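Subject: Structure for your review

Dear colleague,

Please find below the structure that I am handing over to you. My findings follow it.

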Amino acid sequence: MKPGNFWISLTTAVVLGLLSMAAQGRDLKVNCDIGQSLQDAINRARSSAAPLVVNVKGDCYENVILSRDALTIDGGGEAVIHGTLINRGVRVTISNIGITRPGFGMRATTGRTRLIDVHFFDNAEEGLIVRRNGVVIFPEGSVKDNDLGGVVVESATLIVGEVEISGNLAGIAASMSQITLENAQVVNNAERGIDVAGNSALMVSGGAVRGNGGAGVIVDNSSSFAADGVDISWNGSTGVGVRWNSNADIVGCTIGNNAQVNPNRSGVFVSTSSSATIDSTDVFGNGTGVSATRQSFINLRGSTVVRDNLNDGMGLTFDSGAVVDDPVVIPPNGSGYAVYCNDTESSFENRSTGVGLTNCKDFDLP
């Protein structure tokens, strides 16, 4: 299924589910501005198994524990929860609402949570935490200006659509998790944009990882990264870092003007028994365009162009290797080299007429 069709189907299912719940269950109204409590309304209806829709408005100064299944909380664009939401393993939909201080915004554990036009902002800790097999589907909304991480995912699943994750200490941090982003904007976070580790899988289609203070994307410790049509630009350190037995498949992306803070960093950096395939991608304006070190491997293919980087177009060191297929173009970059091997153990196989000066030996040479 194409990504766009996926979100159309998902949104349609969510809307139909909401309509069905509203038709079969019952509605409650809560106005926090006159002293009513969202938690009290949920608790009063806990004994019923019927779907429950709670329409809430006003400023609600309370922490809310979601322990009732088939629950929908709809803020109608008129409600802000000044506190924390916790999903303890139920099916719940939160829509049209803001969530802010004093601690973290929401923690979803084991259950299934849908967030539709939800905005986590100015929380003193993380905006959204997903843990222990929790599943969060977040087709639209924002996670902005939280004092710690924007989104933390641990042994869980996160599916994100047109959501802006910006102004946090870090954008997304995940371990042992599956993360899918489609047309999301992970931008202008103080440290890393996205950091996945510990056998995690990160899939990003469209959108941007841009303007973060540290690296754009870090893929660590036997994790994988698949990117299609993503703008990974203007980050302070490496654009994409693939490390410690991890792999990346990068297609149709823009990886430009990274290493803004540290000019020794790369557009794509592959390290320690890791690999990356870069297909039909423009890599430019970084410190080094593409680097591999410590027995790592890179394959460039399609209409990939590696140009106008400050140092080498591609750098290889510590017994690393690369294969460049036609019609890839790597002209001499800032150092004067298209491809530079920093040791005799590293090797380069050139299958393209578009590669400029290199000092590397071929794999077949002694």
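This is a predicted model: local features need pLDDT of at least 70, side-chain atom pairs count only at pLDDT 80 or more; totals for chains, interfaces and linings use all residues.

Which residue in β4 is the bridge partner of Leu-52? The bridge partner is Leu-71. Residues are numbered from 1 along each chain as its sequence is written, and side-chain values use heavy atoms, with hydrogens and water left out.

Strand pairing

Strand β2 (residues 52–60) pairs with strand β4 (residues 71–74) in the parallel sense, over four bridges. β4 also pairs with strand β7 (residues 91–100), again in the parallel sense and over four bridges. In β7, Ser-95 is the bridge partner of Asp-74. Pairing here requires that DSSP finds at least two bridges between two strands. Strands (E, at least two residues) and helices (H or I, at least four) are DSSP runs numbered from the N terminus.

The chain as a whole

The chain has two helices and 37 strands. Its C-alpha trace spans about 75 × 35 × 25 Å along the principal axes. Of the 366 residues, 54% are buried (buried means under 20% relative accessible area, exposed over 50%, and partly exposed in between, with a 1.4 Å probe and protein chains only). Among contacts with a separation of 6 or more, 37% are between residues 24 or more positions apart; a contact means heavy atoms within 4.5 Å.

The second largest pocket

The second largest pocket holds about 220 Å³ of space. Of its 15 lining residues, Asn-264, Ser-266, Phe-269, Thr-288 and Ser-291 are the closest to its centre. The elements giving two or more residues to this lining are β26 (266–271), β29 (288–293) and β32 (314–317), and β29 supplies the largest share, four residues.

A pocket is an open set of points on a 1 Å grid over the protein atoms alone, where a 1.4 Å probe fits, with protein on both sides within 12 Å along at least five of seven lines; lining residues have an atom within 4 Å of a point. Grid points are joined across faces, edges and corners, and the volume is the space filled by probe spheres set on the points.

Asn-168

Asn-168 lies in the loop between β13 (157–166) and β14 (170–175) and is buried, with a relative accessible area of 2%. Leaving aside neighbours within four places in sequence, its contacts include Val-143, Asp-145, Leu-148, Asn-189 and Ala-190.

Backbone features

Most residues other than glycine have a negative phi, and most peptide bonds are trans.

- The peptide bond from Arg-101 to Pro-102 is cis, with omega near 15°; Pro-102 is in the loop between β7 and β8 (106–109).
- Asp-326 and Pro-327 are joined by a cis peptide bond with omega of about 10°; Pro-327 is in the loop between β33 (321–325) and β34 (329–330).
- Ala-259, not a glycine, has a positive phi of about 60°; Ala-259 is in the loop between β25 (254–256) and β26 and is buried, at 7% relative accessible area.
- Asp-319, not a glycine, also has a positive phi of about 60°; Asp-319 is in the loop between β32 and β33 and is partly exposed, at 38%.

Yours sincerely
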